[in-house]
Amino acid sequence: MAKKKFNPEDVIGKPYARGLLPYGGGVTRGKISFAVSEEEHLDGLKRLKSIMP
């Protein structure tokens, strides 16, 4: 069975529960205020690796 791709728009505004933000995000007053997509996460890692010795 294929794994469903994470879509940040699907979780914004929902109450936070462990595992809803696999790539990071933010929670305000118990609700998810923003979420990071897999592409944004990988881009951030790539930029970090480029500046690390």
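## Hairpin

β1 and β2 form a hairpin with two residues between them. Arg 29 sits in the turn, with a positive phi of about 55°. Strands here are DSSP E runs of at least two residues, helices are H or I runs of at least four, and both are numbered from the N terminus. The model is predicted: local features need pLDDT of at least 70, side-chain atom pairs count only at pLDDT 80 or more, and totals for chains, interfaces and linings use all residues. Residues are numbered from 1 along each chain as its sequence is written, and side-chain values use heavy atoms, without hydrogens and water.

The strands run antiparallel. Four bridges join β1 (residues 25-28) to β2 (residues 31-35); pairing requires at least two DSSP bridges. Val 27 stands opposite Ile 32 in β2.

## Ser 37

Ser 37 lies in the loop between β2 and α1 (38-51). Its relative accessibility is 11%, so Ser 37 counts as buried (buried is under 20% relative accessible area, exposed over 50%, partly exposed in between; 1.4 Å probe, protein chains only). Leaving out residues up to four places away in sequence, Ser 37 touches Pro 8 and Tyr 23 (contact means heavy atoms within 4.5 Å).

## Whole chain

The C-alpha trace spans about 40 × 35 × 15 Å along its principal axes.

Buried residues make up 17% of the 53 residues.
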